Structures are given as C-alpha cells and as structure tokens.
Amino acid sequence: MNVQKLKKEWFGNVRGDVMAGMVVALALIPEAIAFSIIAGVDPQVGLYASFCIAVVIAFVGGRPGMISAATGAMALLMVTLVANHGLEYLLAATVLTGILQVIFGFSGLSRLMKFIPRSVMVGFVNSLAILIFIAQIEHFEGESWVMYALVALTLLIIYTFPLISKAIPSTMIAIIVVSAFAIFMGFNVRDVGDMGALPSTLPIFLIPDIPLNFETLAIIFPYALSLTVVGLLESLLTSNIVDDMTDTESNKNKESKGQGYANVVTGFFGGMAGCAMIGQSVINVKSGGSGRLSSLVAGVFLMFLIIILGGLVVQIPMAALAGVMIMVSISTFDWGSIRAMPKIPKSDTIVMVLTVIVVVYTHNLAIGVFAGVLLSMVFFAAKISRVKLTEEEGSDKTTKVYRVQAQLFFASVSEFTKSFDYDKDAEAGIKHIDIDLSESHVWDDSAVEALDKVKSKYKQKDITTGFIGVNKESSRLIEKLDGMISGH
Amino acid sequence: MYKKVLLAADGSENSVRAAEHAMAMVEHEQDSHMDIIFAVDGDKSKSDVLKYGDSNVINSKRKAKLAPIETKLKEKNISYDIHIKHGDPGPTIVKFANEGSYQCVIIGSRGLNQVQTMVLGSVSHKVAKRVQCPVMIVK
C-alpha cells in the first residue's frame with residue numbers, strides 16, 4: 001500500500017466523509033441499543049461494540065465507505081449464549097470470532113463465500129428481516145394502547161419526514177419527537193433505562209472473566225463459528241453493494257481480516273461481535289461518504305453523543321426503538337424477491353423459502369444458510385445430471401449415431417445407460433453405433449464405467465460401439481481409468 | 001438543429017418512448033451524437049447485488065435493460081454512448097447533463113399520480129428545474 005493511496009482513502013473526501021459519518025452516527029445509536037436488547041445485554045455492550053468496530057475498521061477494513069458496527073444478524077446468534085452463560089462468555093466468543101475471521105482472511109477461505117447461491121443470500125436477508133420484526137413483538141406484550149400509538153407515530157415520522165428534509169436521518173427525528181412527546185405527556189412507558197446500563201465513559205480494556213479451559217472453548221466455539229460465517233457473509237455482501245454504489249473495487253480478504261481485528265478489539269473492550277451493515281453503508285454513501293474517515297467519524301461521534309447525552313438517551317421510550325426496528329426490518333427485506341418470484345426458476349424460490357423457514361425455526365442464520373446451500377446443491381446436481389440423447393442415422397442402414405448432451409458423472413450415469421434402446425437397435429439390424437460425446441463431458445470414474453457398460457450391453461447384441469468427439473480432458477480420464485480397470 | 005443530446009433512460013417503457021423522441025431529433029442530422037445516462041440508486045444497487053452477485057453479471061444485466069433502445073439506435077445508425085452512473089437519479093442526471101454541453105436533455109415521465117409524486121418525488125421535474133439546457137419530458 002503506497003502513501004498516496006492511503007492519503008486518498010483517508011483525506012480524499014473530508015467534507016463528505018465528516019458529514020456522512022455524523023449522519024451515520026445518529027442512525028447507529030438506536031440500532032446499537034435495539035440490537036443489544038435483542039441479544040439480551042445492556043445497551044452499553046452494543047454501543048461500545050459500534051464504537052470499537054467502526055473505529056478499528058476505519059483503519060484496517062478493505063472497503064472504504066462501508067460502515068460496520070453491532071448488527072441484528074450477529075445479535076440474533078448470541079441470544080442463547082447470553083441467556084445460558086452470560087456476558088463474559090459472549091465477550092470471549094466475540095474475541096474468538098475475530099480470530100477465526102482473521103484466519104479466514106489469511107487463508108483466503110472467504111473466497112468460499114462465492115459458492116453461496118444468490119437465492120440463499122436473498123433468503124438470508126429476508127429471514128434476518130423477519131427475525132428482527134419478531135424480536136419486536138415481545139415489546140408489545142402486556143402494553144396498553146399507548147405503546148401501539150407511539151410505535152405508529154414513530155413509523156409515521158420515519159416515513160414522512162424525508163419529504164421535508166433528507167439531511168437528518170428521519171429515525172433520529174422520530175426518536176426525538178416521540179421521546180419528547182412521551183416525557184411531556186407523562187406517559188409511564190418502558191424506556192431504554194429500564195433495559196440496562198448506558199456507558200458514561202469510554203470503554204476500557206478487560207480480559208473476559210472466564211475459565212480458560214476446554215469446556216469454555218466447547219461452549220463458545222459453535223457460537224463463534226456461526227458468528228464468523230454470518231459476519232463475513234453480511235460483510236462481503238455489503239462490500240459488494242458499496243463496490244457497486246461507488247463504482248470501485250475492494251479487497252475482500254483484507255476486509256475479512258479487518259472484520260476479525262475489529263471483533264478481537266471489541267471483545268476486549270466489552271463489546272459484542274458485529275459486522276458490516278447494509279442499511280448504514282447505503283446511508284453513508286448516499287450522504288456523501290466514501291472514504292475511511294466516515295467510519296472513524298461515525299464511531300467517535302456516536303461515543304461522544306452517548307457520553308454527553310446519556311441522561312437523555314435513557315429516557316427514549318421502547319416504543320420509539322421498536323418503531324425504528326420495524327422500519328429496519330421493512331427495509332432489510334428484499335421485496336424485489338417477492339415480485340420476481342413468478343419470473344425466476346422454481347428451484348430458486350424453494351431454496352430461498354427453505355432458507356427463511358429454517359432460520360425462523362432455528363433462530364440461527366448460519367444453520368439456515370447451510371440448509372439453503374445443501375438444497376441448492378441437490379437442485380444443481382439434479383439440473384446438471386439431465387441427459388439428452390438424439391438419434392441420427394449413420395452412413396448406411398447398419399450404423400447409427402447417438403448424440404449425447406450431458407454432464408456424465410455419478411448422478412447422471414444411470415439415466416445415461418438407460419437412455420439407449422438396446423433391443424430396438426438389435427432388431428433394426430444395426431451393426432455399429434457411434435456415440436458422439438462432443439457436447440458432453442466425462443467427469444469421473446462412474447462415467448467411464450457407464451461408457452463401458454453401454455459398450456458391453458451392445459456387445460451382447462453383437463453391435464460394435466465407438467466414441468467420437470471426446471474432448472481432451474474426458475479422454476485423458478477415460479484412458480487413465482481404462483488402464484486401471486484393464487490392469488486388474 | 002440538434003447534434004448533441006442526452007437521453008436519461010432506465011429501460012422502462014417510458015424511457016423507450018423518450019428514446020424514440022430523442023432519436024427523431026438527431027437521426028437526420030449530420031455528425032449527431034446521443035449520450036445515454038442510466039442512473040442507478042442505492043436501493044437498486046442493493047437489489048441487483050442480491051439478485052446477481054457478480055459485478056460482471058450486474059453490468060451486463062443493466063446493459064441488457066437498454067437493449068431495446070440500443071437496437072433501434074443501431075438500426076437508425078445513430079452514434080451513441082451509454083453511461084451507467086451511480087446515485088440518486090435526479091441529482092445524478094442533472095450533474096451529468098450540466099457537465100456536458102448538450103442541446104437538449106430528453107427524459108420520460110413515470111406518469112405518477114399526485115400522491116405518488118409527493119411521496120416518491122418526480123425525477124423529471126427535478127431534472128427540468130435544474131438542468132441548464134432545454135429539457136423535453138416525454139409523457
């Protein structure tokens with residue numbers, strides 16, 4: 001990395017980055033608090049996380065202009081860990097997540113992400129949206145009409161304020177107005193203060209207070225692995241979106257490592273694991289942010305606001321936060337995927353819906369992604385194992401050509417051998433058959449065996465066979481395996 | 001009289017209609033040239049990345065959207081360039097138009113009703129208001 005590039009990434013767009021960073025900080029505060037509540041920890045854990053991650057990523061991230069902080073996807077994965085083992089284990093899992101992500105980054109494992117089909121990614125964001133929405137429902141339990149009215153008011157302001165001005169995030173306006181209204185009217189509704197402590201100081205370095213033994217590792221490792229995969233998935237997806245929005249390229253392995261460093265630091269400073277955020281990154285770019293400075297400003301300004309205004313933040317009614325989260329859920333959901341349903345292949349829709357169902361049932365995005373990938377592999381194998389055979393007459397009546405259009409491998413061989421009509425060919429007086437493989441590919445030993453089988457079946461009927469148009473790679477495989485088979 | 005015009009298009013029906021008018025303006029002129037701007041906003045970026053993933057696929061899909069317009073331009077032998085720009089359509093088109101020296105900007109109107117215009121905002125109105133050269137809004 002040369003100095004000039006570094007300088008441009010940091011100071012190429014100072015005004016835009018500072019403005020956008022401040023806008024993002026305002027939009028981050030309610031989300032960081034709400035995601036902490038989803039995870040079951042004090043709001044300060046999410047706020048510390050958002051501060052640490054945004055600041056660290058500004059220096060070590062691979063995608064300038066992208067915003068990373070505490071996120072809903074990650075928070076949802078932590079719920080049972082926090083409930084069963086407590087905050088200290090979450091912090092340890094956060095550090096381990098970071099270490100795993102750094103390993104992923106160095107080993108280039110993050111490239112594996114490209115094997116995740118689009119329909120699984122769509123299922124991922126859709127189920128994330130649904131889970132965030134479901135998580136809000138509990139805030140309504142046992143509440144009076146005041147709660148519903150305040151949530152409705154929040155949503156109304158969020159969706160109509162942009163008509164007046166787009167300079168300030170409408171979520172912030174909604175929160176200020178609804179909080180002021182609730183305090184002024186003296187409504188006795190639950191507020192952020194009831195959900196736990198808010199930070200009054202900068203985070204300090206602490207080693208998670210856990211026994212360092214195998215049992216601890218056994219507890220946190222599965223969580224850390226899920227967090228690693230989901231964190232990288234959302235981060236790489238977001239970086240692709242920012243790449244497209246800014247028409248620039250970014251370094252995905254550097255981003256993986258950066259996410260890892262950020263999570264290690266966060267874990268030691270009392271924050272929960274996080275990753276890149278699609279919504280915030282879009283806000284950042286739209287507000288004019290494109291450099292590393294915007295992420296730094298977002299993190300620092302967020303912490304500044306919380307320390308200065310902490311006394312006011314605790315008075316934000318939960319209704320306002322729930323309203324903001326419902327908006328986050330609506331904008332996270334990929335509505336285009338519903339509209340596109342009639343147009344895209346059915347198998348894609350099934351994979352997407354299955355991913356959503358598994359996630360909503362298990363409350364674990366990682367398991368849903370895994371199930372979606374498995375199912376799409378099955379569909380892919382089914383699609384690619386289709387065999388198409390066309391018959392053509394040969395040079396005279398006793399010869400015949402079969403043109404094969406197929407990928408020959410373990411899944412397609414049984415259909416392939418069955419596609420030939422051995423009896424009919426014998427009755428028709430055929431003496432020689434050419435099998436044209438120019439539009440086919442022989443992939444494995446079961447394919448070679450199948451070719452042998454076809455040959456021997458015709459031999460039983462006194463028909464000779466020949467293969468034509470075999471491509472180089474396929475013939476190399478056939479020769480190699482034939483040598484082995486006849487060598488027995 | 002029109003030798004250099006800018007067409008704002010996104011492949012929608014309205015933009016194809018606008019393209020027809022734009023073509024009528026330049027097709028009988030010597031050395032005329034049409035630039036086409038396709039503005040992609042943040043939400044569109046998000047849904048395209050989700051849908052297609054790979055940036056090469058995204059680019060070819062976006063180009064494909066303008067294919068009906070391109071075929072007509074080729075038929076009529078009109079010289080043209082396509083520019084895919086990122087950002088809010090209104091400001092992006094205005095900036096591009098004002099940076100080049102065009103004799104006319106042609107844009108389709110989405111045909112929204114009053115409520116929709118209030119909520120979504122009218123791109124063509126914004127463009128008409130802020131572009132410094134003549135603007136043709138095709139209904």
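Helices here are DSSP runs of H or I with at least four residues, numbered from the N terminus. The model is a predicted one.

- Most residues other than glycine have a negative phi.
- A:Asp247, by contrast, has a positive phi near 60° and is not a glycine.
- You will find A:Asp247 in the loop between helix 9 (214–246) and helix 10 (252–268) of chain A.
- A:Asp247 counts as exposed because its relative accessible area is 55%, and the cut-off for exposed is over 50%.
- A:His363 also is not a glycine and has a positive phi, about 60°.
- The loop that holds A:His363 runs between helix 15 (346–362) and helix 16 (365–384) of chain A.
- A:His363 has a relative accessibility of 39%, so it is partly exposed.

**The fold of chain B**

- Seven helices and five strands make up the helix and strand count of chain B.
- Along the sequence, their order in chain B is β-α-β-α-α-α-β-α-β-α-α-β.
- Of the contacts in chain B with a separation of 6 or more, 76% join residues 24 or more positions apart.

**Size and surface of chain B**

- The C-alpha trace of chain B spans about 45 × 35 × 25 Å along its principal axes.
- Among the 139 residues of chain B, 45% are buried.
- Chain B exposes about 7300 Å², with 50% of it supplied by carbon and sulfur atoms.

Technical notes:
Residues are numbered from 1 along each chain as its sequence is written. Chains are lettered from A and ligands numbered from 1 in the order in which they are written. This is a predicted model: local features need pLDDT of at least 70, side-chain atom pairs count only at pLDDT 80 or more; totals for chains, interfaces and linings use all residues. Side-chain values use heavy atoms; hydrogens and water are left out. Helices (H or I, at least four residues) and strands (E, at least two) are DSSP runs, numbered from the N terminus. Buried means under 20% relative accessible area, exposed over 50%, partly exposed in between (1.4 Å probe, protein chains only). Contact means heavy atoms within 4.5 Å. Accessible areas come from the Shrake-Rupley method with a 1.4 Å probe; for residues, only the protein chains shown count as cover.
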